[in-house]
Amino acid sequence: GLSLRSEGLQQASLGAKKISGTNVPQDASLRLKADFSGNNVSLDATVATATDSVSVQGDLPKDNLTAVSTKFNMEVKDPTVWIPVELPPSVPELGKLQVSGEASLDPATGKPRYKTTIKTRIGEFWPLLALNTTVHFSGDDERFHTEIHMENDDGGTIDLEADFDKNLNGTASGKVERMNAKFGPQIMPLDLTIHSAEKEGNKMNVIAETRQGSVVECTMNFEDKFSLTYFGDMSPYEPWALDWSMGQFELQERFKIYGSFADGNMKALVKIDTIPYVWHVTADSLQIMLDLTRNGIKFSNGIIYTPKETFDVTGDVVWNGEKPHTSWRVSQRHGGVCEGYISIIYSTAIDIKSDSVEVSTIPFAKIKLSENLNGRVTGTWTQNFDTKVGQLEASISGNVQPFNLEGQIKAHQNGDTVFIENAQASHSKNRVEAEAIFILPNDSNPDFTPTGTLPIQIVHAWAQAREFSIP
C-alpha cells in the first residue's frame, strides 16, 4: 500500500511497499523523502526490486526553484528484463548495468549540464570477445563529450573519444590495442589507430591505420542498417593479407583494396602488383574479389597476370564447418585447368587434379625450367600428410626441343614406403619402362639404411628399354 507521513513541519516521506504493473517485471518498492528545513528543498527517492535499484537526490534553492541539481544512481542486474520487446539474436548480451550521474541547471544560461558514467559488460559478438565497457559523457543540450573504454578478459582494449552536437554530428578518434580475433586457425590482430572520424547526418568518414602501417579510409552508413565502404592502402607485411595462406604468400610492395561491409559479410576487390611468391609461382600482378564471413573467405573473378599468360582463379578458405579446407581452380587461356583441395586444421591432406595443363607458361617461383620445354600434364595426386598415405597418377605429352616426349607414371605411398607401380617414357620409337619400391628416411625406423649415396633405401628396382636407339 501507499503511505504518506509528515515528520515535523520541515520533512515528509512517501512510501509504497509493492508496485506492480504490465511494464514492471518485478514487484518494486518506493521510498521518497523531502526536507524543507534548509535553504534548499532536498528530495531523496529510491525505487528498488529484489535485484535492481534506482536512487535520485535533488536540491532546489528556495529562492530559485529553477536552479535544480540532481544526482542519480541506477543498478540493474539484467537489463533485458526491463525491455518490453524481445531482442533479436544478433544483439549481444548485456551484463549488469550501473549508471551514475549528476545534472544541474545553469542559472545564468538556463541550460542543463550533466555528467554520466555507464558501466556494463557487452557479450561476445563476432569477431570480438566479451567487453567490460565504461562510458563517460558530459555536456549540455547543445554539445557533449564522450569517452569510451572497452577491455576484454585478455587485456585487449578499445578507447574512443568523441565530441558531438545535439544532432549527433561531430568528430572522434581512438585506438584498438592488444586486441585479436580468431578466424579459423588464424589469430588476427585488430590493433589500429583511428586518426579521425567525422560524422554528419547518417554517415561517418573514418581514417584508420593498422599496426603494420596499412591505411584504411571508410565511410559508415547508419541510415537503415549499419554498412560501410572502404579503401585501403595496404602494407606488404599486413597479417590480414598473408597469414591465412600459412606461409604460401609473399609480397614486396604496398597494394590496394576496395570493399564494403554489411550484414556480417565483408567484400573486397584486391589489386596487387608484383607477387614474388604464391604457392610456388610468381606473378606480375593479381586482381581478385574476396568475400569474407565468419565461416571463411571466398575468392572469385581472379586474374593472375604473368609474362607468358593470364590465368583465371577462383577458390575459397573455409575454417568453420565439418571439413575446413582451402580450394582453388586455375584456368589457362588455352583450356588447361588445375584444381586443388587442401584440408586444414584437423588434418593436412591435398587432392589435386590437372587437365591438359601447359607447363611452359607456369611462372614457377623457385624452379627454373628450360625455355625449350613445352608440355601438357593431366593427372591426379591425393596425399594425406598425417597418415602418409597418397596416390599419384599422371601423364605428360610435350617436347624438349628438338625431341618429342610422352610419359606416364602411377605410384602410391603407404607410410614411409613409396611404390612406383609403373613409369613409362617414350620418344619416337624409344621407350623406357620402370618400377620400384623404396623407403623414405624416417627417424622412427631403426632399420633404415640408405642405398649407396642416395637419401632413400631401395627395396626393389626394375627398368626395361624397348627398341631404344639414339639418333
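Predicted model: local features only at pLDDT ≥ 70, side-chain atom pairs only at ≥ 80, totals over all residues.
**View A. Hairpin of strand 26 and strand 27.**
Strand 26 (residues 337-343) and strand 27 (residues 349-358) run antiparallel and are joined by seven bridges. Within this pairing, Cys338 has Ser354 of strand 27 as its bridge partner. Five residues lie between the strands of the hairpin, where Ile345 takes a positive phi near 70°.

**View C. Aromatic pair of Phe144 and Phe164.**
The model has six aromatic pairs. In the pair of Phe144 and Phe164, the ring centres are 6.2 Å apart and the planes form an angle of 40°, a tilted arrangement. Phe144 belongs to strand 10 (residues 143-151) and Phe164 to strand 11 (residues 157-165), so the pair ties together parts that are 20 residues apart in sequence. Phe164 is buried, at 12% relative accessibility.

**View D. Aromatic cluster of Phe222, Phe226 and Phe261.**
Phe222 and Phe226 form a tilted pair, with 5.7 Å from centre to centre and 45° between the planes. Phe222 is partly exposed at a relative accessible area of 35%, and Phe226 is also partly exposed, at 36% relative accessibility. Together with Phe261, these two residues make up one aromatic cluster.

Definitions and conventions:
Residues numbered from 1 in each chain as written. Heavy atoms only, no water. Pairing = 2+ DSSP bridges. Helix = DSSP H or I, 4+ residues; strand = E, 2+ residues; numbered from the N terminus. Phe/Tyr/Trp six-rings, centres within 6.5 Å; stacked < 30°, edge-to-face > 60°. Buried < 20%, exposed > 50% of the residue type's maximum accessible area, 1.4 Å probe, protein only.
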